[in-house]
Amino acid sequence: MIPELNGDFLQWLRGFYYVAKTGSVRRAAELMHRNPSTISYQLRSLETELNTVLFDRYKKSLQITPEGKKLLGWTITTFETLQSMRSAVGTTDGHLQGDIFLGATLPVAIMAVDAIAAFRAENPQVNIRIQRALSSEIVQAVKESRLDFGLTGMTALPKLDTMEILIKARPLLVMRKDSMWDIPPIPTEADLERLPFVVFQTSLEESEQPTPTLQYAARRLQKNTVISVNNYHLIMQFVRCDVGVAIMDELCYRATMFGSDWSSIVSCPLDHLLPNVLYGILVRRHKHISPQAQALMDALRRHFIELAAQPLGPTLLAGQTQKGGQPKAARPRRKASSRKGD
């Protein structure tokens, strides 16, 4: 039997969600286009209904309690389920419809363009909203269910989310062909520590829980940073000018090559010193996936399998799903490649 609930219960949950995410009744009211008094009433009603305290009140600030954190997870799942229900019931005659919210880092987004375009042509009633973002931003957006799923790459996977790995990308040392620094084919840590680096850096502030990216892992080797930028194309420009060397993974390297001439630049693998970057589909654990989002995920999976079968295609790890942990590093190559795009 389905128990009876107060008819306003879902609205109470919605108000609770926005207060939990903003930490403020006033900001939640602004986002919901309601009066602050209405949001306060919703919180009191929800706490009374559940016979618990969801927020500790300290002067003008709100601190979510352990019970509130538990309810927040259930609230996100509840509204995801309702969205999936509306999409499933509203999908008639086998035609998909509705919105898909996708976040992607640039390297993997470029590789996914053809698959997304083909999917949209086959499903014209589906609106796809793509947000280009950094890995850390995608992880946070997936966690908060602001995205249906993300396409991103990391060296270690979030413990509370599920990631289906599609591509393994090696870390590379990128430099000019005629570099003045006499770098051996298989550089050691000591070799790297003496080099000047052009470094990818997203913020001047350090996060307490940094996302496990290649940039974060490489910091221990980049003792001499000469320039920090947040754009890989600019990094390649500085490398071309022989300002320094750079570390990036294979997909980032290839993504910078569109419309540019990097014939003066070469690379060598660093997977004997740094972890590989695993690119794949990131989904919040226990998330209810809408039919249209699931269909796009399936299309992307098939697309990357086809890419892996092509000559010089990326290393494929399709079908491997991980829920946190540290991937194993690949064995070092004996010869460094100097081919463009390797």
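**Figure 1. Buried residues of helix 11 in the predicted model.** Gln292, Ala293, Leu296, Met297, Ala299, Leu300, Arg301, His303, Phe304 and Leu307 are the residues of helix 11 that are buried. The model shown here and in the other views is a predicted one. Helix 11 covers residues 291-308, 18 residues in total. From the first C-alpha to the last, helix 11 reaches 26 Å, close to the 26 Å expected at 1.5 Å a residue.

**Figure 2. The whole chain, for orientation.** Before moving on to the other close-ups, here is the setting. The chain is built from 11 helices and 13 strands. Of its 342 residues, 46% are buried. Among contacts in the chain with a separation of 6 or more, 78% join residues 24 or more positions apart.

**Figure 3. Helix 1 and the glycine that follows.** Buried in helix 1 are Phe9, Trp12, Leu13, Gly15, Phe16, Tyr17, Val19 and Thr22. Look just past the end of helix 1 for Gly23, which has a positive phi of about 75 degrees.

**Figure 4. Where helix 1 meets helix 3.** Two packed helices are described by the angle between their axes and the distance between the axes. For helix 1 (residues 9-22) and helix 3, the axes come within 9 Å and cross at roughly 115 degrees. That angle makes helix 1 roughly perpendicular to helix 3. The crossing of this pair is left-handed. On the helix 1 side, the contact is made by Phe9, Gln11, Trp12, Leu13, Gly15, Phe16 and Val19. Helix 3 contributes Ile39, Tyr41, Gln42, Leu43, Ser45, Leu46, Glu49 and Leu50. Sorted by kind, the residues of this contact are 10 nonpolar, four polar and one charged.

**Figure 5. Asn51, a loop residue with a positive phi.** Most residues other than glycine have a negative phi. Asn51 is not a glycine, yet has a positive phi of about 55 degrees. You will find Asn51 in the loop between helix 3 (36-50) and strand 1 (55-58). Is Asn51 buried or exposed? With a relative accessible area of 71%, Asn51 is exposed, because the cut-off for exposed is over 50%.

**Figure 6. Ser145, another view of a positive phi.** Ser145 is a residue other than glycine with a positive phi, near 65 degrees. The loop holding Ser145 runs between helix 6 (135-143) and strand 5 (149-154).

Key. Residues numbered from 1 in each chain as written. Predicted model: local features only at pLDDT ≥ 70, side-chain atom pairs only at ≥ 80, totals over all residues. Heavy atoms only, no water. Helix = DSSP H or I, 4+ residues; strand = E, 2+ residues; numbered from the N terminus. Buried < 20%, exposed > 50% of the residue type's maximum accessible area, 1.4 Å probe, protein only. Axes fitted to C-alpha atoms, helices over the stretch in contact; angles between N-to-C directions. Parallel < 35°, antiparallel > 145°, perpendicular 65-115°, else oblique. Left-handed = near helix turned anticlockwise from the far one by under 90°. Contact = heavy atoms within 4.5 Å. Nonpolar A, V, L, I, M, F, W, Y, C, P; charged D, E, K, R; others polar. Expected span 1.5 Å × (residues − 1).
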